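This report covers a sheet, a nonpolar core and a helix residue. The sequence and structure come first.

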Amino acid sequence: MPNILDRKRFIGSRLNPVPEETLYAVLRTLSLRDMHALRTQRPLAPIVDRHLSQRVHYLLESFHLPHMDTVDMLTATGSIIGGSAALALVYPGLRTPRDLNLYCPRGAVDAVVSYLFTQQFDAPKHYFNINNGVRSLNRLKHLTKPSSITVVESMALSALLPVLFSHNTFLMNYCDGRTLTCLYPEMTFDAKGLHNRSEDFDRLHKMTAALKWERLGVSLSWNCDATHSHETAGENESPPDRSGECQREFRTDGDRQTLRMSCSEQRRSSNRTETTVSWNLGYFKWSTTRVEYTDTRVKISTTTTEELYSNRKEFRRGLDWRSYWERDQMDDGETDIAKTSFP
Ligand SMILES: [Zn+2]
């Protein structure tokens, strides 16, 4: 880390501050882990906070959305930014997000879509095959700009559920407008990840689904068995020294493996129901005659309720087929004509 002299070079002095654009040009290349380390240097903390807020501002601006109004909408509805846009926020420079994925809790989709209508977005006709943890899916396009937003409605009261069914841990990052979260920082910032594989993966997805990550230089493990043994901890347990790097580990959002940083200069709280989200990843093992799958399991708890979700077929209930179909078409959809499978 820099010493005091270096810090002065970095931020300048009161009389000769380093211009904000210069600082931004340096900071915009740093990952969330780097920003977290930089923030421990106390004079840099407000600069880091302001920069992360700017990062969200510029991302939303690139999708023609106003920063504060959109953050207020995310807070009011309990929604989050996920997918490649969230990855670009925590790990800049790897991939430019082509579209913006917003995830909202069950029942909040109308509020999110209505807001996007006020921002010049409209819903064209698209067909999707929706899968685990997703109740409905709408893709909206900007009326005049080449910008598209996908609104993913969770089957649960937490918008995070579909994110935990992502194909790999590299996509398990999100931004609720006020904080940035990376759920697998130990691996993500070393360009590594774990697959989160369901038994139906090959039936639902093209073979190339995993290849794009390899081209980006990201190393994804099919099975954490390749990097550590599970013998000492028990067959279905994670070894304690591999916390945050094991498919079998039962994780909770906000646990000590989670890396979370504020990206808001305003501290306003939401009055939404607090949910606790816990999960383990899906994985498979070769046995002598067949492949044994363990499903991804997610538990969503509030103070009064507890819901369990899995990517096993019998858990695919409660899909709102009509709302993922064209918005003006009320016939029930069928999955086999889908152009895209999600997640
Ligand atoms: Zn493991």
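Residue L87 lies in helix α6, which spans residues 83–90. The model is predicted, and the values below are computed from it. L87 has 20 C-beta neighbours inside 10 Å and therefore counts as buried, the cut-off being 20 or more.

The largest nonpolar core has 71 residues, and the members that touch the most others are L102, V112, V151 and C175.

| Residue | Contacts beyond four places in sequence |
|---|---|
| C175 | V56, I80, I81, A86, L89, L180 and C263 |
| L87 | L94, R95, F170, L171 and N173 |

The contacts of C175 include A86 and L89, and both numbers fall in the range of helix α6, residues 83–90.

An open sheet is built from 4 strands in the order β11-β13-β16-β17, and their pairing is antiparallel. The edge positions belong to β11 (251–252) and β17 (306–310); each has a single partner strand, so one side of each has no neighbour in the sheet. Strands of a sheet pair through backbone hydrogen bonds. Strand β11 is joined by 2 bridges to β13 (residues 276–280), and the two run antiparallel. Within this pair, T252 is placed opposite S278 of β13.

Note on methods. Residues are numbered from 1 along each chain as its sequence is written. This is a predicted model: local features need pLDDT of at least 70, side-chain atom pairs count only at pLDDT 80 or more; totals for chains, interfaces and linings use all residues. Two strands pair if DSSP finds at least two bridges between them. A nonpolar core is a set of buried Ala, Val, Leu, Ile, Met, Phe, Trp, Tyr and Cys residues joined through C-beta atoms within 7 Å. A residue is buried if 20 or more other C-beta atoms lie within 10 Å of its own, exposed if 12 or fewer, and partly exposed in between; C-beta atoms are placed from the backbone. Two residues are in contact if their C-beta atoms, placed from the backbone, lie within 7 Å.
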